[in-house]
Amino acid sequence: MANLSTIKHLYQSNRLYHPARTLYWRLLKQERLVKFHQEVTFYSQLLEPNSLCFDIGANIGEKTEALFKAGMRVVAFEPQPNCMKELAARCSRYRSKLAKCECAVGAEPGITELYVHTHHAHSSLDQNWTVSEVVSSIYVPVVTLDRAIAKFGRPQYCKIDVEGWEYEVLKGLTQPIPLISFEYHLQEDNIDKTLACIDYLSHLGDLYINITPAETLLFTFQEWLPVKEFLKSFPDSFRSRQEYNYGDIFVKIQ
């Protein structure tokens, strides 16, 4: 049977994309289908219907699609042309609720170099990001969060997954967003970036924080913690727990 990569290239631009992908999931990727429905439930419980969401580092649109399925509107930011092409095919049913921005997000507007990795989900603006091998680089436009808000409106939720560039994204924001999530990694060379993100956001309002483990949208704490309480346990109490080697930090700003 053809693999998913073959299906993507054959069907990205026409109406057969969705039936082909659904068949692939049902035959070979049942666990991915279960995870997708879990993500939809998570966002449905987290956000009000029709909330505006920014998906920064949208890649091929997996989170974007889950947000749509949960009833949200999405602005998707992704600088890799092939990824954006698949995102557009994946989310074609929701085009009236989708705005596509084929660009990166950073501290200042302009043009910068994107380092393309063997796995497209690991591509990064950070030249030292070493999750996988760099195979090429391209120059991509950059916008700031502030400029994106000026154009599209303030989102109720902003998801950031940009492979080590999260702090640079946040430095382009000077106003509070009600809910932000960003990826963290507990390796020593990355934890300082995570702490810098939290510190930066603390200047935009009072923070309440929760955390999810790797690839699992399930909150660790029953109650959201004030930033000082969260930092009493993070990162030290998570270092010995394999499932928390990386994951997402969710921040409510009030």
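Reply: This is a predicted model. The largest cavity holds about 90 Å³ of space.

Me: How many cavities of 30 Å³ or more are there?

Reply: The structure has one.

Me: Which residues line the largest cavity?

Reply: Its lining is made of Trp129, Gly164, Glu166, Tyr167, Phe182, Glu183, Tyr184, His185, Asn190, Lys193, Thr194 and Cys197. By type, the lining residues are five nonpolar, four polar and three charged.

Me: Which helices and strands supply at least two of the lining residues each?

Reply: Helix H7 (166–170), strand S8 (179–185) and helix H8 (188–202) do.

Me: OK, on to the nonpolar core. Which residues touch the most other members in the largest one?

Reply: Phe54, Ile56, Ile180 and Ile249 do, in a core of 38 residues. H8 gives the most to this core, with four residues. Another core, of 23 residues, lies apart from it and includes Phe42, Leu47, Val74 and Cys91.

Me: What does isoleucine 180 touch, leaving out residues up to four places away in sequence?

Reply: Isoleucine 180 touches Tyr157, Cys158, Ile160, Leu170, Leu173, Leu201, Ile249, Phe250, Val251 and Ile253.

Me: Why do nonpolar side chains end up together?

Reply: In soluble globular proteins, they tend to be buried together.

Me: Switching to charges. How many salt bridges does a search of the whole structure find?

Reply: It finds ten. One of them joins aspartate 55 and lysine 159, with the closest N and O atoms 2.5 Å apart. Aspartate 55 sits in strand S1 (residues 52–56) and lysine 159 in strand S7 (residues 157–160), 104 residues apart, so this pair links distant parts of the chain.

Me: Are aspartate 55 and lysine 159 buried or exposed?

Reply: Both are buried.

Me: And what about aspartate 236 and arginine 239?

Reply: Their side chains meet in a salt bridge, 3.4 Å from N to O. Aspartate 236 counts as exposed, because its relative accessibility is 57%. Arginine 239 is partly exposed, at 34% relative accessible area.

Note on methods:
Residues are numbered from 1 along each chain as its sequence is written. This is a predicted model: local features need pLDDT of at least 70, side-chain atom pairs count only at pLDDT 80 or more; totals for chains, interfaces and linings use all residues. Side-chain values use heavy atoms; hydrogens and water are left out. On a 1 Å grid over the protein atoms alone, a cavity is a set of points where a 1.4 Å probe fits but cannot get out, and a pocket is an open set with protein on both sides within 12 Å along at least five of seven lines; lining residues have an atom within 4 Å of a point. Grid points are joined across faces, edges and corners, and a volume is the space filled by probe spheres set on the points. Ala, Val, Leu, Ile, Met, Phe, Trp, Tyr, Cys and Pro count as nonpolar, Asp, Glu, Lys and Arg as charged, and the others, Gly among them, as polar. A nonpolar core is a set of buried Ala, Val, Leu, Ile, Met, Phe, Trp, Tyr and Cys residues joined through side-chain atoms within 4.5 Å. Buried means under 20% relative accessible area, exposed over 50%, partly exposed in between (1.4 Å probe, protein chains only). Contact means heavy atoms within 4.5 Å. A salt bridge is a side-chain nitrogen of Lys or Arg within 4 Å of a carboxyl oxygen of Asp or Glu.
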